[in-house]
Amino acid sequence: MKLKVQQVFEATPLLATIINEKRPLPPKGAYWIARLHTKLLPEFTTIAARHDALITAYDYTAPEATTLSVPEEKRAEFFAAWAEIADEEIEVGVDPVKLDLLDAGGVSSITAGEFVTLGELVCE
């Protein structure tokens, strides 16, 4: 399945949150979430390294901060560079999950906003 870098960058931590919060899911849905996270994680690690390298290139730490960041006057430049990376398509060996596999007895363990983030990783 082809996915945009940005979708992998956002969906992987979301899947980890769903897993770590032990949300109620039917067994097949829980299996799919775990499997999907496992397959996306190596791609996420590579993407996160690219994102961090882009930030590190500015060699800037804001006053009273402990981590590197992007100076205010360079943020437009950073976001433009990240947008190019984020828009790249990558092939990931996953199939979308059917929505009914996530049905925990008529109660959704995944919010509407989370479905937006998961995008085409979930289908009807």
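**Entry 1: two helices**

I started with helix α1 (residues 5-20) and helix α2 (residues 27-56), which pack at about 130 degrees with their axes 8 Å apart. That angle makes α1 oblique to α2. For my own notes: angles under 35 degrees count as roughly parallel, over 145 as roughly antiparallel, 65 to 115 as roughly perpendicular, and the rest as oblique. The axes are lines fitted to C-alpha atoms, for helices over the stretch in contact, and the angles run from 0 to 180 degrees between N-to-C directions.

Before going on, I noted that this is a predicted model, where local features need pLDDT of at least 70 and side-chain atom pairs count only at pLDDT 80 or more, while totals for chains, interfaces and linings use all residues. Residues are numbered from 1 along each chain as its sequence is written, and side-chain values use heavy atoms, with hydrogens and water left out.

Next I checked the handedness: α1 passes α2 in a left-handed crossing. Left-handed says that the near helix is turned anticlockwise from the far one by less than a right angle; clockwise would be right-handed.

Which residues of α1 meet α2? I found V5, V8, F9, A11, T12, P13, L15, A16, I18 and I19 on the α1 side. Across from them, α2 brings residues including I33, L36, L40, L41, F44 and I47. Contact here means heavy atoms within 4.5 Å. By class, this α1 and α2 contact has 17 nonpolar, three polar and one charged residues. The classes go like this: Ala, Val, Leu, Ile, Met, Phe, Trp, Tyr, Cys and Pro are nonpolar, Asp, Glu, Lys and Arg are charged, and the others, Gly among them, are polar.

I then picked L41, which is found in helix α2. L41 counts as partly exposed because its relative accessibility is 37%. The cut-offs are under 20% relative accessible area for buried, over 50% for exposed, and partly exposed in between (1.4 Å probe, protein chains only). L41 and F9 are 32 residues apart along the chain, and their C-alpha atoms are separated by 9.3 Å.

**Entry 2: α1 again, now with α3**

How do α1 and α3 cross? Their axes come within 7 Å and cross at roughly 95 degrees, so α1 and α3 are roughly perpendicular to each other. V5, Q6 and F9 in α1 meet W82, I85 and A86 in α3.

**Entry 3: stepping back**

I looked at the whole chain next. Its secondary structure comes to four helices and eight strands, in the order β-α-α-β-β-α-β-β-β-β-α-β along the sequence. These are DSSP runs numbered from the N terminus, with helices (H or I) of at least four residues and strands (E) of at least two. The C-alpha atoms fill a box of roughly 50 × 30 × 20 Å, taken along the principal axes. Of the 124 residues, 34% count as buried. Among contacts with a separation of 6 or more, 74% come from residues 24 or more positions apart.

**Entry 4: S109**

Is S109 buried or exposed? It counts as buried, because its relative accessibility is 9%. S109 is found in the loop between β7 (107-108) and α4 (112-118). Its side chain reaches the backbone oxygen of P24 at 2.3 Å. Leaving out residues up to four places away in sequence, S109 touches R23, P24, L25, A104 and E114.

**Entry 5: positive phi**

K22 has a phi of about 50 degrees and is found in the loop between α1 and α2. K22 is exposed, at 71% relative accessible area. E64 has a phi near 65 degrees and lies in the loop between β2 (60-61) and β3. E64 counts as exposed, at 88% relative accessibility.

**Entry 6: around β3**

L68 lies in strand β3 and counts as partly exposed at 35% relative accessibility. Residues up to four places away aside, L68 touches I55, T56, D59, Y60 and T61. E73 counts as exposed at 66% relative accessibility.

Terms used
Polar contact = N/O pair within 3.5 Å; in protein donor to acceptor, adjacent residues only side chain to side chain.
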